[in-house]
Amino acid sequence: MKLTVHDAVRNVTGTKHVLTVGETSALFDCGLVQGPRKESERRNRNLPFAPGGIDCVLLSHAHVDHSGSLPALVKGGFSGRIHCTKATADIAEILLRDTAYIQEHDLKYLNKRRRKRGEPALEPVYTMDDVEATLPLFAPVDYNTRVQVSRDIAVTFREAGHILGSASLEIDAVEAHRRRRIVFTGDLGRDDMPILRDVYRPKSADVLVTESTYGARKHNPADHVAEELAVFVRETAKRRGKIIVPAFAVGRTQRIIYMLHELMTSNRIPSMPIFVDSPLAISATEIFQRHPECYDEEMYDLLRSDDDPFGFSRITYTRTAAESKKLNRRPGPMIIISASGMCEAGRVLHHLKNNVSSRRNAVMIVGYQARHTLGRRLVEGMDKVRIFGEHYPVRARVKAFNEFSAHADSDDLVEFALGMRRVPRRTIIVHGSEQASLALARRLTENGLAGVTVPLDGETIEL
Ligand SMILES: [Zn+2]
């Protein structure tokens with residue numbers, strides 16, 4: 001029984017870990033690597049294992065850095081089942097279509113420039129046809145229901161409290177009469193998040209494979225964040241500026257709208273238009289409405305008392321590129337929320353290109369930014385950035401709000417591991433920067449947990 005970890009190791013994007021038990025090879029997630037274009041493309045084109053040798057995928061949640069390479073896996077010869085929750089299957093469908101669309105669309109734009117420079121055109125990593133071939137392989141299941149995915153492996157999806165449909169995987173593996181309970185956290189969320197239920201905490205595990213995105217830090221309390229956000233919005237509104245918010249279309253976007261809606265309703269920030277510039281947002285909203293099985297009690301209460309709990313009445317959705325372009329000419333103040341979350345692709349690039357060089361405007365970073373992404377460079381305060389191959393001076397105010405993150409902080413991660421009645425004998429730390437992963441390893445070890453490792457990319461660990 002062994003686990004080989006790929007890509008999101010001492011790093012955060014591209015999660016693909018292969019669990020081999022007896023005859024079965026199961027893949028934990030199949031994420032897209034994000035970062036500098038050339039390097040990430042190379043890694044996304046060449047998967048680190050033979051796709052035909054994988055029997056099934058166990059998918060924790062739909063975020064592209066966990067699901068976005070599934071079409072490449074299928075293109076490479078995978079034909080097994082993709083097990084996940086029902087909401088994850090629905091969200092993955094729109095995200096994968098969107099990812100293929102963005103790749104084809106961005107490449108068209110990039111290739112136009114390449115042609116001018118006399119360079120050969122690039123091919124997309126996968127196309128919409130590969131996505132269409134992937135969707136029939138999804139095998140959605142209910143939370144908390146044990147599914148036997150092969151003779152050697154059974155899996156139960158447990159609430160991870162991260163985005164709609166997100167789960168941690170509880171795996172029961174049997175090999176030559178040896179039994180192991182393996183828990184793979186996927187991305188863990190936080191308790192008391194709007195809409196979603198709290199994180200399920202497992203009672204026991206032999207092996208824990210845990211994320212460590214915020215393994216080195218603690219989040220600020222929520223009311224503190226609301227005040228900081230209110231000040232930031234008020235100041236930008238005074239300058240009549242635009243606030244650009246790069247955000248994942250599913251999850252983060254809904255959470256920011258929910259918070260802005262609350263601040264406007266209580267007059268803590270002036271009312272101003274909110275544009276959600278993402279062709280995905282309407283479908284995402286429909287998916288939220290289609291999956292009440294994922295709601296917490298508070299959301300049920302809100303549905304009974306507020307007929308607009310997501311704040312939809314304040315929002316304008318821009319579906320077409322022409323509508324999106326109109327926002328350039330429209331005077332501020334306004335808030336534009338647009339994907340992608342790390343500013344690596346999608347419409348947000350056009351908004352940044354048009355707005356980042358004016359002192360009036362502001363960029364609000366609400367999620368984790370991986371190394372070498374445009375989002376990270378903005379957070380680091382670079383005075384100029386490259387977008388679509390051109391340089392733009394950064395004069396807009398850039399502020400990071402890490403607390404919007406739907407990720408557990410270091411206290412939550414420690415509690416997840418040590419709160420078990422029978423703590424894991426082996427803990428494998430993935431999905432975090434090297435510094436965050438090592439910090440979490442240190443804390444867990446100091447608190448008495450034995451067998452904690454931070455593996456290297458491609459390392460195989462006997463379980
Ligand atoms: Zn995620």
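Start by selecting His431, which sits in the loop between β20 (426-429) and α14; helices (H or I, at least four residues) and strands (E, at least two) are DSSP runs, numbered from the N terminus. Before you go on, keep in mind that this is a predicted model, in which local features need pLDDT of at least 70, side-chain atom pairs count only at pLDDT 80 or more, and totals for chains, interfaces and linings use all residues. Residue numbers run from 1 along each chain as its sequence is written.

Stay on His431 and check its backbone: phi is near 50 degrees, a positive value in a residue other than glycine. Is His431 buried or exposed? It is buried, because 32 other C-beta atoms lie within 10 Å (buried takes 20 or more such atoms within 10 Å, exposed 12 or fewer, partly exposed anything in between, with C-beta atoms placed from the backbone).

Now hop to His372, in the loop between β16 (362-365) and α12 (374-379). Here too is a positive phi in a residue other than glycine, near 70 degrees. His372 has 15 C-beta neighbours inside 10 Å, so it counts as partly exposed.

Next, pick Gly332 and Pro333. A cis peptide bond joins the pair, with omega about 0 degrees. Pro333 belongs to the loop between α10 (321-329) and β15 (334-338).

Time for some helices: show α13 (residues 410-418) and α14 (residues 434-446). Their axes come within 10 Å and cross at roughly 45 degrees (axes are lines fitted to C-alpha atoms, for helices over the stretch in contact, and angles run from 0 to 180 degrees between N-to-C directions). α13 and α14 are therefore oblique to each other, oblique being what remains once under 35 degrees is roughly parallel, over 145 roughly antiparallel and 65 to 115 roughly perpendicular.

Finally, zoom out and colour by domain: domain 1 is 2-217 + 406-462 and domain 2 is 222-404, with bounds from an automatic or database domain assignment. Their centres, taken over C-alpha atoms, are 26 Å apart. The contact takes 28 residues from domain 1 and 28 residues from domain 2. On the domain 1 side, select 15 nonpolar, seven polar and six charged residues.

Notes. Two residues are in contact if their C-beta atoms, placed from the backbone, lie within 7 Å. Ala, Val, Leu, Ile, Met, Phe, Trp, Tyr, Cys and Pro count as nonpolar, Asp, Glu, Lys and Arg as charged, and the others, Gly among them, as polar.
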